[in-house]
Amino acid sequence: MPEIAALHSNARKEAVDHLSRKVRQSMEVPTDVYAVAVELESMGVNDKRARKEYRFNSIFDLAEEVYEQIKQELDEELSEDKTKQQQKLTSGSVWERILAFVRYYGAGLLFMAPMFSQILSVVFITYSLWAWLYFNELQATVIAIGTIVAFVATGGITLTAGREISYYFRGQENYYLSYKVSRNIFGIGLLVLLAVGMLIYLVNLVIPFYPHNMMVLSGIYMLFIGIWLLSSTILYALQKHFMILMAVLAGTGVVILGMEYLDMGIYYSHWFGIFISSLVMLIYSFSFLKYQIYKNEADTKKQHLPKFEVKYYNNYRYFIYGTCYFLFLFLDRIMAWSTGTPPPPYIIWFNTSYELGMDWALISLVLITASLEYSVNRFSTLILPIQKKTNLTFNKKFHDFFKDFYIRQLFLLSMVGLLSIIGNYYLVNSFRGMSSEIQIVEDFFSSAVLYKVFWLASFGYLFTSVGLMNTLFFFTLGRPEPVVRAMTIAILVNIVVGFVCSRWYSFEYAVVGLVAGGLTFAVITAVYARRFFGDLHYYYYSAY
Amino acid sequence: MDDKLNILLQTEGAYPFVKGGGVSTWSEIMCNQLVDRVNFTIYALLGNPYYDVQYDLPSNIKSILKIPLWGSELPIAYYEPERLFSSIASEKEFTHEAAVHEQFLPLFDQFMDCLTRPHSSNPEKVGILLYRFWQYFNRYSYKDTLRDQRVWEKFSGKIHDFYSADVLGRKVDSFNLLNATFGMRWLYHYLMPLDVGVPRVDVSHSTSSGFPAIASIIGKFEHGTPSVISDHGVFIRERIKGINASEDIGYFSKKMLINLSVIIAKAAYHYADVICPVTKSHSTWELRFGGSDDKIRPIINGVDINKFKPLNEADKISYERPTVVALANLFPLKGIETMIKTCRRVREDIPEVQFLLYGDTTVDEEYTQKCKKLVKELNLEHHFYIKGFHDNPTEVYNKGDISILTSISEGAPYTVLESMSCGCPVVATDVGGVREVLERCGIICRSGAVEELAEGVTKLLKDDLFRKVLGEESRRIVLSNFTAKKTVDAYYEEYRKLVHKPRVPLKTRLKDSYSFQKNGVNHNYA
């Protein structure tokens, strides 16, 4: 009889060995005995078979034995205590980082390519979508006011639109709602533009800052430029940067056509060009989304977007920031153009010298902010794997790693900033030799305040870029509050310092407001960022 | 006066927002067939907030509470749509440090103890904690509390102890920061029912012993509402299976998710008055997790025999090729890979065979891609067709020669019952309640056994007479045992019995008899 018992016991052991191997084929490490029971069930074992074939009272008894066997196997395979281990945290080899920088910096430049193309287009063919080298100061004032109002009025909408469309398009891959949200936001943007235009028109009726015709002209430009900005936002969110460049080039081509061949005059040519450019972007965006809906059968279920309160809750801080940011960027111009000797003929009067200095500095801004694409993408790329590599016992190492990461990004941005400003200076200054041959070049360099504005604005933009980098980190983890706070204070500083300097010294020192505001924005957001990176694990968790 | 019963019907990822799947089908039948006897309030947990109602609703659905567990930064706007935004904002302001520290953290501390030791946790205590949380969230902001840094620190500390104590875990995996991040986020999402008001009704009926059942527990404390659980696939078993199969999350994350499911399921069974598995075979799991024999009353699913019926020969259009049909949403529990392999095996004997699989391909898109890849790898592009959702299953079953089910876990699958009702013979795996319905009229194979499945399919496709006999017998068995009317009447009877039971809100007892012991100090949270 003992032999029979031993035989049974051997057969049971073999069966358990066999089952444990089969269970581990589908689950390497079962979480508990019930996971084994479920797996046995899916292999066709039930209570009846457990009794009949394996001589256990139930499937749970059999699972217990199999689980014990698996635990023993695991004991033999791995015996170190992993609580005492921590992998080395690294952000990749130097080459890997350099390649990533080149890739993202290139992408950042592509992001800015439409703006670059416009600068080049004015220089070489005298036209761009809404600029012309031969505008007089009155015309330039009209366009400048239209442009500033368009940027500020759509600033909040374009930022929230970008967020919303990206959320559905990339985050949820829900093409149907991406389409709907794009359409809705474009509609809202259009209404806002009309409302702002109407408001300014009415205010001007009550307090006539500008002659009626000038105001109407400015309003039309504002409307067209605003529509263009809204249209391009959809493509930015869909990450179709190249299409924006194409649309800009198409629009510029239409402006040339209007001026050179159809004799339409600059205003109609501009409006026609902006309209065609916007139309190209809109048709492409909506056709693209429609095609995705068709391809993915994304409209087979009834769906709707959240109601207004939810949208408001999700976006109002981003909306405030977007509006404030563009206001911040244009404040110094408003300060500079509203004073001087002799006093300006209207409340704001375009100053070519000042604008040229700012435009030159804008090239610095483009070159600097392209590197932000690298910093923010690197952050997003590293945040998950580094958490995965960090043992909970060693979470200090995680925070140390990201504090170092932040310092490195600050250093990188400063270096890129200094090189961009100096490079930009030497590059543009090298054209000075052509002054005697080309009238435009001579006009450009003859500006009295050009260098002063260029240097100060470039550093103002560099400081602002530090704030922008911090902003992108905060936005990545859904924390817009510190940014809104910092930007509000930066605007106040910009206004006060810009006002005092432009009135006390000379109009061009309005740019000191940009420098002081940029510095304020950088310092406040950096203080928050220090706290943020010191407790990053918590901030990452709570980013919902 | 309206003498209908008022029932709260709790669903998750199903009726009326998600079409297809057993729970949705069952809920639709319940609501439609009880139109003259019951008014329903639907309490629907959802994966995202964007889907609208996908069904034509009968007049007895009086209101719908939509609770999106994921995909919204402001979920409260969905489950309290009438609430003013200013009130949400003031609740946010009201959630101050002292409230979180003094009122929430002591409860959370005890909850974490249960979470880290789920099998030894006391389900009664878990229920009390859930109710206390619910009371707290009546006053304070759910989101702001769970995002509070002290709550996060408490969680991290507890989880660290949990990690250090798990001998097996220390050897196979290290508890990394991502496990902690996702662990706490899951708590935020899955426990969202704790922030939702529970209406006063005659009976609350949860379609699962998982997260929808939280509303039943709260209802019991707050209003003394009796409750029924319909365990369609046994929540805890399917969770354990699904979570263990996931390749994206580590050992500890799996363990935490399962622990959470265990404590919720145990509390759900503890506080339920009646537990209705859809098949007797499920009761073993329910007993293991705290269900008791006196509460368990199996009610098998039934099918609408007027909707699912064999068409007249004249109306019937069959495929020219031998055709196997299947209605199953594409996700791992449905064993679609086994079905594809079965198709390959059948093709060896019947080269012109075709398998037509109808079902939602968006439930688990990764899995759908995996299946499509397998079809390609096995050169079955002209034999196995993944067709997507079909809105007329009767037509599918009538056009097909036979129907197949290859699931690795099931309740009482509607696809089997509906096929049978249409006179379409079935080959199915021996899971859940399949044997109970198919024993005398179909071919039952072991789960995952491709050879057995292929043999069954081949036999049926080749033998016309056998197929005809099984089809007729299937219809006969459905008519006598598995009609929707029978099921619906059985549930209605349970409702009637519960309504007449005396109801005492458990909160009234709480004040006198419940207190928690911690660090030697008696804390009474009543």
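How many bridges pair strand β10 of chain B with strand β11 of chain B, and in which sense? Strand β10 (residues 402-405) and strand β11 (residues 426-429) of chain B pair in the parallel sense over 3 bridges; two strands count as paired if DSSP finds at least two bridges between them. L405(B) has A428(B) as its bridge partner in β11(B). Helices (H or I, at least four residues) and strands (E, at least two) are DSSP runs, numbered from the N terminus.

The model is predicted: local features need pLDDT of at least 70 and side-chain atom pairs count only at pLDDT 80 or more, while totals for chains, interfaces and linings use all residues. Residues are numbered from 1 along each chain as its sequence is written, and chains are lettered from A and ligands numbered from 1 in the order in which they are written. For chain A, the mean pLDDT (the predictor's confidence in each residue, from 0 to 100) is 90, and 97% of the residues reach 70 or more. Within chain A, confidence is lowest in helix α1 (residues 2-26), with a mean of 76, and highest in helix α17 (residues 511-534), at 97.

Chain A contains 18 helices and 0 strands. Its radius of gyration is 31 Å, well over the 24 Å that the globule rule gives for 544 residues, so chain A is more spread out than a compact globule. The radius is taken over C-alpha atoms, and the rule is 2.2 Å times the number of residues to the power 0.38. The C-alpha trace of chain A spans about 120 × 50 × 45 Å along its principal axes. Of the 544 residues in chain A, 43% are buried, a residue being buried if 20 or more other C-beta atoms, placed from the backbone, lie within 10 Å of its own.

Chain B has 22 helices and 14 strands. A compact globule of 526 residues would have a radius of gyration near 24 Å, and the 24 Å of chain B agrees with this. The C-alpha trace of chain B spans about 75 × 65 × 45 Å along its principal axes, and buried residues make up 54% of the chain.

Strands β10 and β11 of chain B belong to an open sheet of 6 strands with parallel pairing, in the order β9-β8-β7-β10-β11-β12. β9 (384-388) and β12 (443-445) of chain B each have a single partner strand, so one side of each is left without a neighbour in the sheet. The twist averages 20° from one strand to the next. Helix α19 (residues 450-462) of chain B packs on this sheet and touches β7 (323-327), β10, β11 and β12 of chain B; its direction makes about 165° with that of β12(B). Axes are lines fitted to C-alpha atoms, for helices over the stretch in contact, and angles run from 0 to 180 degrees between N-to-C directions.

Another open sheet of 6 strands in chain B has the order β3-β2-β1-β4-β5-β6, also with parallel pairing. Its edge strands are β3 (61-68) and β6 (274-277) of chain B, each pairing on one side only. The twist averages 15° from one strand to the next. Strand β5 (residues 227-231) of chain B pairs with β6(B) over 4 bridges, and D231(B) stands opposite P277(B).

Between the chains, 49 residues of chain A are in contact with 48 residues of chain B, contact meaning that C-beta atoms, placed from the backbone, lie within 7 Å.

Key
A residue is buried if 20 or more other C-beta atoms lie within 10 Å of its own, exposed if 12 or fewer, and partly exposed in between; C-beta atoms are placed from the backbone. Two residues are in contact if their C-beta atoms, placed from the backbone, lie within 7 Å.
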